[in-house]
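Biologist: Hi! Could you walk me through this one?
Modeller: Happy to, let's take a look together.

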Amino acid sequence: MPQATFRIWTGAGDDAVFKDFATDVSEGMVVLDAIHQIQAESAPTLACRWNCKAGKCGSCSAEVNGKPRLMCMTRLDTLDLSVPVTVEPMKSFPHVRDLVTDVSWNFRVKKSIKPFKPRKPDAPDGTWRMQQADVDRVQEFRKCIECFLCQDVCHVLRDHHKHPEFAGPRHFVYTAALEMHPLDTEDRLSHMKNEGGIGYCNITKCCTKVCPEHITITDNAIIPLKERVVDEYYDPLTRLFKVFTGK
Amino acid sequence: MSRVELKLPQLRPLGATQRTDAWWIQPVLTLLGLGAFIVYSTWAALQGTHYWVPGTNYLSPMYSPVLFDSWQIAPASSGHAWFGAWPDWIPKNLWVLSMTPAFLILWAPGGFRFTCYYYRGAYYKAFWADPVSCAVGEPKFRGTHYRGEHKFPLLLQNIHRYFLYLALVFLVFLTYDAIISYRFLGDDGQKHFGVGIGSLVLTINPILLGGYTLGCHSLRHLIGGKKDCITDCSGARQGAYRGVSCLNRRHMLFAWLSLFWVGFTDVYVRLVSMGTWTDIRIL
């Protein structure tokens, strides 16, 4: 059985370093399988977060050969195994140890976004009526598995550490899903512009490229939100139009 | 956002990454492609000559619409100028640069491209290394001082939709230029229908520009994206939204194709006008 070397970020704090581990690989294996095998064979204390092994829980996010990926969805036959495969924790969050980072900041940010607030029910039985075409647009955003790979690759968080002022692509997708919902009545644009710092996004589309659910984050969520912010705060003609039409 | 102190990994220097693929190719190609177009279009705009082909209606898109004929060609006339010869109240030179009809108009399509969402992402990477590529370290001096489009001056990128309005008007002008390029001056001194290679070149130009302009993110928003219930709009508007969304998915492709074709159309008109190339008449 062929062997491959995995260069894994191990340890915690300033003592963390890359360590090489060799293990057997076979057809159909993914990076997470290799990590589990290494845990079983030679590194029983190696910490990594995982759960479903099916690309749906978003737990095993890491950086494989420098690219933010889900370890359970990264097949070894897509990697060059003649050289060591590097596996690192995400870079935009506090490191705990080995491959584990503390992503709890994301949940605190999510709580700060106003929740769904539907209009009054359309029917006496307390139900609503919506057109499928109107729901289709936000359906894409519901695919998010909160793996936070988009947050990891976003340079505003990763390279500029704007966590206190910037919500990040995951929360723009979440906000877009609420803002564009045909039943929602809440206004989150002020929050997006100020606390969410959507203006920090400079549209590099890295978030879209790494999304394992293939959500078109930049084109369908972030830019439409930016345009809504322009409507509300930067476009004098739109504001004038609103004054005259009341819309 | 959450104000809790986060102990984050140290910022990495420019180019630092574990990526093993050729991540630098895309920014380098963007740098070369956009850089070449900027250099060529600046050179072409400075010329003030050979922007139309006598005996035909061929007109370079970099000079269209011609508000005033260039002072360099006086007393000749291109036949395309809206307001005649170069007026005395516009200086002929600005410092060491020659003023030409292109300078009076190029700021509009240039501004449209400069503020375009696609190009912004592309040139932030290629020209400013912000970031140079996904998951690759940035210049350290920017660090936590990063302002993005949140503050001045890049806050001004929000003007994009106004450049869109101008770009739509220019699209009409360039479509008109394409239509009249099928009329040629005959031996009898009258204009007759004909088809030259130049006519085809000038026709492809607004088609590609249309693909780019009509796929604009701002247009997508204005035409229907701003509505939570798109089905509240008229059928025509819903159709337009779907059409713009379709083009929007190919925005990068049309951005590059149209950029290249604008440059090529100017080259074609210029070289035919100079007599270097012969325009072959198909009909």
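This is a predicted model: local features need pLDDT of at least 70, side-chain atom pairs count only at pLDDT 80 or more; totals for chains, interfaces and linings use all residues.

Biologist: Which parts of chain A do the domain bounds mark out?
Modeller: Domain 1 covers 3–101 of chain A, and domain 2 covers 104–245. Their centres, taken over C-alpha atoms, lie 31 Å apart.

Biologist: And how many residues does each domain put into the contact?
Modeller: Domain 1 of chain A gives 14 residues and domain 2 of chain A gives 17.

Biologist: What area is buried between those two domains?
Modeller: About 1100 Å² is buried between domain 1 and domain 2 of chain A, with carbon and sulfur atoms giving 56% of that.

Biologist: Which residues of domain 1 lose the most area there?
Modeller: Those are A:P68, A:S92 and A:F93, which together account for 47% of what the domain 1 side buries against domain 2 of chain A.

Biologist: How many salt bridges and polar contacts go across?
Modeller: The rule finds two salt bridges across the interface of domain 1 and domain 2 of chain A. It also finds seven residue pairs in polar contact across that interface. On the domain 1 side, β3 (61–64) and β4 (67–70) of chain A each supply at least two of the residues that touch domain 2. The residues of that side divide into six nonpolar, four polar and four charged.

Biologist: Okay, switching topic to the two chains. What does the contact between chain A and chain B take from each?
Modeller: Chain A contributes 65 residues and chain B contributes 53. The two chains bury about 5100 Å² between them, and 54% of it is on carbon and sulfur atoms.

Biologist: Why quote an area at all?
Modeller: Because the size of an interface is often given as the accessible area lost when the parts come together.

Biologist: Got it! How many salt bridges are there between the chains?
Modeller: The rule finds six across the interface of chain A and chain B. As an example, B:R161 forms a salt bridge with A:D231, and their closest N and O atoms are 2.5 Å apart. There are also 34 residue pairs in polar contact across the interface of chain A and chain B.

Biologist: Which element gives the largest share of chain A's side?
Modeller: Helix α9 (residues 217–234) of chain A does, with 10 residues of the side that touches chain B.

Biologist: And how do the residues on that side divide up?
Modeller: Into 24 nonpolar, 21 polar and 20 charged, for the side of chain A that touches chain B.

How values were computed. Residues are numbered from 1 along each chain as its sequence is written. Chains are lettered from A and ligands numbered from 1 in the order in which they are written. Side-chain values use heavy atoms; hydrogens and water are left out. Domain bounds come from an automatic or database domain assignment. Contact means heavy atoms within 4.5 Å. Buried area is the accessible area (1.4 Å probe) that two parts lose on being put together, summed over both. A salt bridge is a side-chain nitrogen of Lys or Arg within 4 Å of a carboxyl oxygen of Asp or Glu. A polar contact is a pair of N or O atoms within 3.5 Å; within protein, one must be able to donate a hydrogen and the other to accept it, and residues adjacent in sequence count only if both atoms are side-chain atoms. Helices (H or I, at least four residues) and strands (E, at least two) are DSSP runs, numbered from the N terminus. Ala, Val, Leu, Ile, Met, Phe, Trp, Tyr, Cys and Pro count as nonpolar, Asp, Glu, Lys and Arg as charged, and the others, Gly among them, as polar.
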